[in-house]
Amino acid sequence: QPQLVESGGGLVQPGASLRLSCVYSGFTLDDYAIAWFRQAPGKEREGLSCTSGSGDMTSYADSVEGRFTISRDSAKNTVYLQMNSLNPEDTALYSCAASPSELVYGAESPFLDTNYFYWGQGTQVTVSS
(Lines give C-alpha, C1' and ligand atoms only; values in the text may rest on other atoms or scores of the structure.)
Protein backbone atom coordinates (compact mmCIF):
# COMPACT_ATOMS: atom_id res chain seq x y z
CA GLN A 1 0.00 0.00 0.00
CA PRO A 2 1.49 3.36 -0.99
CA GLN A 3 2.31 5.65 1.88
CA LEU A 4 3.45 9.25 2.13
CA VAL A 5 4.95 10.89 5.21
CA GLU A 6 5.64 14.60 5.40
CA SER A 7 8.05 16.39 7.70
CA GLY A 8 9.87 19.68 8.01
CA GLY A 9 7.12 22.03 9.06
CA GLY A 10 7.38 24.40 11.97
CA LEU A 11 7.02 27.93 13.26
CA VAL A 12 9.11 30.49 11.41
CA GLN A 13 9.29 34.25 11.09
CA PRO A 14 8.28 36.13 7.95
CA GLY A 15 11.02 36.03 5.34
CA ALA A 16 12.37 32.70 6.52
CA SER A 17 12.77 29.50 4.54
CA LEU A 18 11.72 25.93 5.16
CA ARG A 19 12.26 22.68 3.32
CA LEU A 20 9.49 20.12 3.53
CA SER A 21 10.10 16.45 2.86
CA CYS A 22 7.71 13.81 1.58
CA VAL A 23 9.00 10.28 1.98
CA TYR A 24 7.08 7.84 -0.18
CA SER A 25 6.88 4.07 -0.16
CA GLY A 26 4.89 1.33 -1.85
CA PHE A 27 5.26 2.62 -5.38
CA THR A 28 7.82 3.59 -7.98
CA LEU A 29 8.23 7.29 -8.54
CA ASP A 30 8.74 6.70 -12.27
CA ASP A 31 5.03 5.93 -12.59
CA TYR A 32 3.58 8.45 -10.17
CA ALA A 33 3.27 12.19 -9.98
CA ILE A 34 3.73 13.74 -6.57
CA ALA A 35 2.29 17.10 -5.63
CA TRP A 36 2.28 19.42 -2.65
CA PHE A 37 -0.95 20.94 -1.43
CA ARG A 38 -1.82 23.16 1.48
CA GLN A 39 -4.95 24.03 3.36
CA ALA A 40 -5.39 26.93 5.72
CA PRO A 41 -8.26 27.06 8.24
CA GLY A 42 -11.46 28.09 6.54
CA LYS A 43 -9.94 27.92 3.07
CA GLU A 44 -10.04 25.40 0.26
CA ARG A 45 -7.15 23.07 -0.39
CA GLU A 46 -4.65 24.65 -2.77
CA GLY A 47 -2.29 22.85 -5.11
CA LEU A 48 1.20 24.31 -4.98
CA SER A 49 3.60 22.25 -7.03
CA CYS A 50 3.73 18.96 -8.83
CA THR A 51 6.39 16.80 -10.44
CA SER A 52 5.65 14.06 -12.94
CA GLY A 53 6.86 10.52 -12.46
CA SER A 54 9.64 10.92 -14.98
CA GLY A 55 10.58 14.33 -13.64
CA ASP A 56 10.24 15.94 -17.06
CA MET A 57 7.23 18.01 -16.06
CA THR A 58 7.04 20.36 -13.11
CA SER A 59 4.17 22.67 -12.30
CA TYR A 60 3.71 25.54 -9.88
CA ALA A 61 0.75 27.56 -8.74
CA ASP A 62 0.98 31.26 -9.49
CA SER A 63 0.87 32.00 -5.78
CA VAL A 64 4.19 30.27 -5.13
CA GLU A 65 6.10 30.32 -8.41
CA GLY A 66 9.49 31.89 -7.89
CA ARG A 67 9.40 31.26 -4.13
CA PHE A 68 8.84 27.50 -3.89
CA THR A 69 10.85 24.77 -5.62
CA ILE A 70 9.98 21.10 -5.88
CA SER A 71 12.75 18.54 -6.17
CA ARG A 72 13.19 14.81 -5.86
CA ASP A 73 15.75 12.31 -4.64
CA SER A 74 14.78 8.87 -5.88
CA ALA A 75 17.62 7.25 -3.94
CA LYS A 76 16.01 8.51 -0.72
CA ASN A 77 12.41 8.02 -1.89
CA THR A 78 11.84 11.65 -1.09
CA VAL A 79 10.27 14.67 -2.76
CA TYR A 80 11.09 18.07 -1.30
CA LEU A 81 9.42 21.46 -1.30
CA GLN A 82 11.85 24.30 -0.71
CA MET A 83 9.93 27.35 0.47
CA ASN A 84 11.58 30.76 0.54
CA SER A 85 10.42 34.23 1.54
CA LEU A 86 7.62 32.85 3.65
CA ASN A 87 4.88 35.18 4.76
CA PRO A 88 1.92 34.79 7.13
CA GLU A 89 -0.36 33.91 4.20
CA ASP A 90 1.69 30.72 3.78
CA THR A 91 0.47 29.43 7.13
CA ALA A 92 -1.31 26.15 6.49
CA LEU A 93 -1.19 22.39 6.77
CA TYR A 94 1.04 21.16 3.94
CA SER A 95 0.42 17.72 2.47
CA CYS A 96 1.93 15.68 -0.32
CA ALA A 97 -0.14 13.46 -2.56
CA ALA A 98 0.56 10.91 -5.26
CA SER A 99 -1.25 9.45 -8.22
CA PRO A 100 -0.38 7.97 -11.61
CA SER A 101 1.31 10.56 -13.78
CA GLU A 102 -0.99 9.87 -16.70
CA LEU A 103 -4.02 10.75 -14.61
CA VAL A 104 -2.51 13.85 -13.07
CA TYR A 105 -1.08 15.36 -16.22
CA GLY A 106 -3.89 14.16 -18.44
CA ALA A 107 -6.32 16.33 -16.53
CA GLU A 108 -7.16 19.97 -17.10
CA SER A 109 -4.95 20.87 -14.17
CA PRO A 110 -2.35 18.81 -12.30
CA PHE A 111 -3.77 20.26 -9.08
CA LEU A 112 -7.19 18.59 -9.14
CA ASP A 113 -7.08 17.03 -5.69
CA THR A 114 -9.78 14.53 -6.60
CA ASN A 115 -7.28 12.92 -8.99
CA TYR A 116 -4.86 12.04 -6.20
CA PHE A 117 -5.22 8.58 -4.71
CA TYR A 118 -2.72 8.72 -1.87
CA TRP A 119 -2.20 11.42 0.72
CA GLY A 120 0.10 12.02 3.64
CA GLN A 121 -1.05 13.28 7.03
CA GLY A 122 0.45 16.71 6.54
CA THR A 123 2.94 18.94 8.31
CA GLN A 124 1.99 22.29 9.81
CA VAL A 125 3.74 25.46 8.69
CA THR A 126 3.14 28.60 10.70
CA VAL A 127 4.65 31.92 9.68
CA SER A 128 4.40 34.52 12.40
CA SER A 129 6.46 37.20 14.02
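A disulfide is taken here as a pair of cysteine sulfur atoms within 2.5 Å. By that criterion the sulfur of Cys50 is too far for a bond, because the closest cysteine sulfur, in Cys22, is 11 Å away. The model is predicted, so that local features are reported only at pLDDT of at least 70 and side-chain atom pairs only at pLDDT 80 or more, whereas totals for chains, interfaces and linings use all residues. Residues are numbered from 1 along each chain as its sequence is written, and side-chain values use heavy atoms, with hydrogens and water left out.

**Cysteines**

The structure holds 1 disulfide, which is formed by Cys22 and Cys96 with their sulfur atoms 2.1 Å apart. Cys22 lies in strand 3 and Cys96 in strand 9 (residues 92–100), so the pair ties together parts that are 74 residues apart in sequence. Strands and helices are DSSP runs numbered from the N terminus, a strand being a run of E of at least two residues and a helix a run of H or I of at least four. The torsion about the S-S bond of Cys22 and Cys96 is about 75 degrees, and the disulfide is therefore right-handed. Burial is judged by relative accessible area, with buried meaning under 20%, exposed over 50% and partly exposed in between, for a 1.4 Å probe and protein chains only.

An open sheet is formed by 4 strands in the order 1-3-8-7, with antiparallel pairing, where two strands pair if DSSP finds at least two bridges between them. Strand 1 (3–7) and strand 7 (68–73) stand at the edges with a single partner strand each, so one side of each is left without a neighbour in the sheet. Neighbouring strands of this sheet are turned by 20 degrees against each other on average, direction ignored; the strand axes are lines fitted to C-alpha atoms, and angles in general run from 0 to 180 degrees between N-to-C directions. Within the sheet, strand 3 (residues 18–25) is joined to strand 8 (residues 78–83) by 6 bridges, the two running antiparallel, and Leu20 stands opposite Leu81 in strand 8.

**Strand 9 and its partners**

Strand 9, which carries Cys96, is mostly covered, since 7 of its 9 residues are buried.

| Strand pair | Bridges |
|---|---|
| strand 4 and strand 9 | 8 bridges |
| strand 9 and strand 11 (residues 123–127) | 3 bridges |
| strand 9 and strand 10 | 2 bridges |

**Aromatic rings and charges**

The structure holds 7 aromatic pairs, counted for rings of Phe, Tyr and Trp (its six-membered ring) whose centres lie within 6.5 Å, with planes under 30 degrees apart classed as stacked, over 60 as edge-to-face and the rest as tilted. One of them joins Phe37 and Tyr116 in an edge-to-face arrangement, 5.2 Å centre to centre and with 80 degrees between the planes. Phe37 lies in strand 4 (residues 32–39) and Tyr116 in the loop between helix 1 and strand 10, so this pair ties together parts that are 79 residues apart in sequence, and both residues are buried.

The rings of Phe37 and Trp119 have their centres 4.9 Å apart and their planes at 50 degrees, so this pair is tilted. It again links distant parts of the chain, with Phe37 in strand 4 and Trp119 in strand 10, 82 residues apart. Phe37 is buried with a relative accessible area of 1%, whereas Trp119 is partly exposed at 28%. Ring pairs also link Tyr24, Phe27, Tyr32, Phe117 and Tyr118 into a cluster.

A charge is said to sit over a ring if NZ of Lys or CZ of Arg is within 6 Å of the ring centre and within 35 degrees of the ring normal. Arg45 lies over the face of Trp119, at 4.0 Å from the ring centre, and Arg19 lies over the face of Tyr80, at 4.1 Å from the ring centre.

**The loop at Asn115**

Asn115 is found in the loop between helix 1 (101–106) and strand 10 (118–119), and Asn115 is buried, with a relative accessible area of 16%. Leaving aside neighbours within four places in sequence, Asn115 is in contact with Ser99, Leu103 and Ala107, contact meaning heavy atoms within 4.5 Å.
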